[in-house]
Amino acid sequence: MKKIFYSLIGALLLFSACNRNDDAEAPDEQLTPEVAQHLKDYYEGAKIRTVHNWENDTHPGTAVELSDKEGNEVSLFFRDFKELSLTVTKFSRFDNLPSSVRNGFLASPYGEMGKDRINKIECDDYAQLPNKMYRLEFTCFVPDRGELFTQLTFNADGYMLPENHGFVNQAWFHPCIDTDEIDFINNHYGADIRSYDNEGGSNAYHVMDHGVLKKVTFRDGWHSTIYSVPLDTEVPAGSLKALYELDPDFKYVTLRRVESPNGNGYHFLNEKGDGYFIKD
């Protein structure tokens with residue numbers, strides 16, 4: 001497998017003594033011609049804060065941090081000192097977001113929360129993915145759970161993906177996407193990838209497949225695909241029998257299809273989000 005992966009140690013090398021540059025060298029003098037041309041084309045007049053070049057046996061590259069004309073903080077990652085792989089933009093103001101994303105947030109269940117509650121707004125733009133991902137992070141009060149961390153992800157069209165209440169790795173942890181994973185998704189579900197996260201040892205993609213949002217996860221190859229299906233889906237009689245043998249009084253309100261190399265099945269969930277996975 002052609003694996004393109006940066007470990008946390010690799011990311012920290014960006015700021016370590018392993019930096020190949022002379023710190024006295026001006027930032028713009030540390031850029032390769034390809035990186036310098038990209039900055040000229042897309043960030044003319046921006047203030048470059050830092051440039052970090054690193055070398056290893058597998059994936060050398062460059063990281064550039066700058067402030068754009070709108071005052072946003074931007075980090076760019078170039079593979080092999082020339083090929084843009086990831087752009088992470090930290091927005092200084094909610095109003096700097098595209099109108100489609102602002103409207104998507106305001107129309108969401110959290111739209112009346114108040115923009116001042118948002119403590120982080122970032123855009124992750126992977127060169128290998130068709131969609132930019134706008135992420136808003138905040139805490140909010142949820143009955144029976146108290147203050148809860150919440151991350152909302154929107155595409156450039158304002159489409160909101162399922163909310164996330166757990167922490168995932170920052171985009172700079174894994175600035176290069178595995179090309180084999182993209183090929184797998186293209187071959188099985190088409191190219192409509194809506195988001196990507198590096199969840200520790202797993203890479204997770206949200207993919208829109210014929211109107212159905214599916215979460216496709218990889219861990220040393222394809223690990224699983226999970227998606228919601230209608231409650232009136234015809235479930236195999238054997239699966240229902242196995243479910244009610246485990247819990248005769250169980251009532252499920254959410255039904256998810258789970259597909260994996262180890263077999264397929266259904267995940268039955270009650271209103272609290274608890275439930276059972278039953279193989280076909």
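Start at the hairpin of strand 2 and strand 3, and select Gly 71. This hairpin has five residues between the strands, and Gly 71 takes a positive phi near 85 degrees. Keep in mind that you are looking at a predicted model.

Now select residues 61-67, which make up strand 2. Is this strand mostly covered or mostly open? It is mostly covered: five of its seven residues are buried.

Pick out Ser 67 and you will find Glu 73 of strand 3 opposite.

Next, bring in strand 1, residues 47-54. Strand 1 and strand 2 also run antiparallel, joined by seven bridges. Which residue of strand 2 is the bridge partner of Ile 48? Leu 66 is that partner.

Leave the strands and turn to the rings. The whole structure holds 13 aromatic pairs. For one of them, select Tyr 196 and Tyr 205. Their rings are 5.0 Å apart, centre to centre. The planes make an angle of 50 degrees, and the pair is tilted. Both Tyr 196 and Tyr 205 are buried.

Finish with charges over rings. Select Arg 194 and Tyr 159: the charged end of Arg 194 sits over the Tyr 159 ring, 4.7 Å from its centre. Then go to Lys 214, which lies over the face of Tyr 227. Here the distance to the ring centre is 4.4 Å.

Definitions and conventions:
Residues are numbered from 1 along each chain as its sequence is written. This is a predicted model: local features need pLDDT of at least 70, side-chain atom pairs count only at pLDDT 80 or more; totals for chains, interfaces and linings use all residues. Side-chain values use heavy atoms; hydrogens and water are left out. Buried means under 20% relative accessible area, exposed over 50%, partly exposed in between (1.4 Å probe, protein chains only). Helices (H or I, at least four residues) and strands (E, at least two) are DSSP runs, numbered from the N terminus. Two strands pair if DSSP finds at least two bridges between them. Rings of Phe, Tyr and Trp (its six-membered ring) pair if their centres lie within 6.5 Å; planes under 30 degrees apart count as stacked, over 60 as edge-to-face and the rest as tilted. A charge sits over a ring if NZ of Lys or CZ of Arg is within 6 Å of the ring centre and within 35 degrees of the ring normal.
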